[in-house]
Amino acid sequence: MGKLYCLRRPVITQEVIIVASKEKRALLPSQKRRRELLFIGLALLWPIMQFIVFWVVPNFNSIVMAFRVPDGETFTLINFERFFRELQQPNNPIIPSFWNSIILFVVGTFIQFPLVILLTYVLFKKVYGHKFFRVIFYTPAILGASVTTALYRYLISSNGPVEHILDWLGVEYSNQLALLGNPETVFLMIIIYGFWTGVGTNMIMMLGAMNRVPDEIFDSARIDGVGFWRELFQIILPMIWPTLTTLIVFSMTGIFTNSAATMLLAPDAPEASTIGWYITRFTMSAGSGLTGEILNYPAAVGLIFTAISFPLIMFTKWLCDKITNTVEY
């Protein structure tokens, strides 16, 4: 009688599976990883090309131009000497432009920004009529600059709605050439225009950040009896602080580049000039070839104020990161 052999199935333990999977990964080619890298590279190719063409090349050329003169290849500081020479003149436009830029930044950061946070939080709480107010606040951000400029000009023009309201309130003012033509009110009109058109964009980003906060946090806060203001300062602001930091840094980067409002509303008013418009005005006159100006001088001015603003931006970013820890959810 022959022997009976019993074939037993091999015992597969967790350790065997782990070792086999490691050996399999070691033996498999890195084709999948290469495909992932290829996909990432192709996805980043277009934005990298745009960054190089529209930021690296123009800024590199502007830095080189700042240290040269037209048709000259030698290193020179003549453009910087011109800037500091004009700075010492009694009626130079640089000092008023500088302070106007600072005022716009202070108003936008310390007045407009907190107000936008509060308005966004009120809309986030879905108060009565919040959809209507949302449309009102978003409209300037949706419309183009040409439309908002034309609408704003009509509102503050001579015999416009604002003038009738001021007359009805009994406010006395000089209506020569309307509010934009009055040296005493033109910069105030620029501030109001920037305030009006800047609310919608910031509100969209803040409201999106608030909507990402989990509902469980608000439910727990409601059970604990957390009120309106405590929820805003102890829950909402810490949770959306990365978004607020981004907006603050963006505002800081535009401190010496803000020129759109002045260019659209009062390009010939020295009382409304900013550093951004000061540089843009020289660039436009140089590009036209009618005034004999050169592009090298505005390039030098831009480099000077870049050197001033860059440390301020980095310090602002560092300070914002130190205020509170980043919350992930």
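Me: Let buried mean under 20% relative accessible area, exposed over 50%, and partly exposed in between (1.4 Å probe, protein chains only). How does lysine 126 count?

Reply: Lysine 126 counts as exposed, because its relative accessibility is 55%. This is a predicted model, so local features need pLDDT of at least 70 and side-chain atom pairs count only at pLDDT 80 or more, whereas totals for chains, interfaces and linings use all residues. Residues are numbered from 1 along each chain as its sequence is written, and side-chain values use heavy atoms, with hydrogens and water left out.

Me: Where does lysine 126 lie, and what is its phi?

Reply: Lysine 126 is in the loop between α4 and α5. Its phi is near 60°, a positive value in a residue other than glycine. The helix labels refer to DSSP runs numbered from the N terminus (helices are H or I, at least four residues; strands are E, at least two).

Me: How many helices and strands does the protein chain have?

Reply: There are 15 helices and 0 strands in the protein chain. Of its 329 residues, 33% are buried.

Me: What about the accessible surface of the chain?

Reply: It comes to about 22,000 Å², and carbon and sulfur atoms account for 67% of that. The areas come from the Shrake-Rupley method with a 1.4 Å probe; for residues, only the protein chains shown count as cover.

Me: Next, α5. How far does that helix reach from its first C-alpha to its last?

Reply: Helix α5 (residues 130-142) has 13 residues and reaches 18 Å, close to the 18 Å expected at 1.5 Å a residue. The expected span is 1.5 Å times one less than the number of residues.

Me: Where does the kink in α5 lie?

Reply: The kink lies at isoleucine 136, shortly before proline 140, and amounts to about 25°. That bend is the angle between axes fitted to the seven residues ending at a residue and the seven starting there.

Me: Which residues of α5 are buried, and what do they pack against?

Reply: His130, Tyr138 and Pro140 are buried in α5. The buried residues of this helix pack against α4 (94-124), α6 (145-156) and α9 (186-211), a contact being heavy atoms within 4.5 Å.

Me: Is glutamate 231 buried or exposed, and what of lysine 125?

Reply: Glutamate 231 is buried, because its relative accessibility is 6%. Lysine 125 has a relative accessible area of 36% and is therefore partly exposed.

Me: How many salt bridges are there by this rule?

Reply: The count comes to 5. One of them joins arginine 222 and aspartate 219 at 3.0 Å, N to O. Both residues lie in helix α10 (residues 215-223), 3 residues apart, about one turn of the helix. Another pair is glutamate 36 with arginine 33, whose closest N and O atoms are 3.3 Å apart; these two lie in helix α2, also 3 residues apart.

Me: Changing topic: which residues does phenylalanine 256 touch?

Reply: Leaving out residues up to four places away in sequence, phenylalanine 256 touches Phe98, Ser101, Ile102, Ile275, Gly276, Phe305, Ile308 and Ser309. Phenylalanine 256 sits in the loop between α12 (241-253) and α13 and counts as buried because its relative accessibility is 6%.

Me: How far is its C-alpha atom from that of tyrosine 278?

Reply: The two C-alpha atoms are separated by 9.7 Å, with the residues 22 apart along the chain. Tyrosine 278 is also among the contacts of serine 273, together with Pro96, Ser97, Asn100 and Thr262, neighbours within four places in sequence being left aside. Serine 273 is in the loop between α13 (260-265) and α14 (275-288).

Me: Is serine 273 buried or exposed?

Reply: Serine 273 counts as buried because its relative accessibility is 7%.

Note on methods. Salt bridge = Lys/Arg side-chain N within 4 Å of Asp/Glu carboxyl O.
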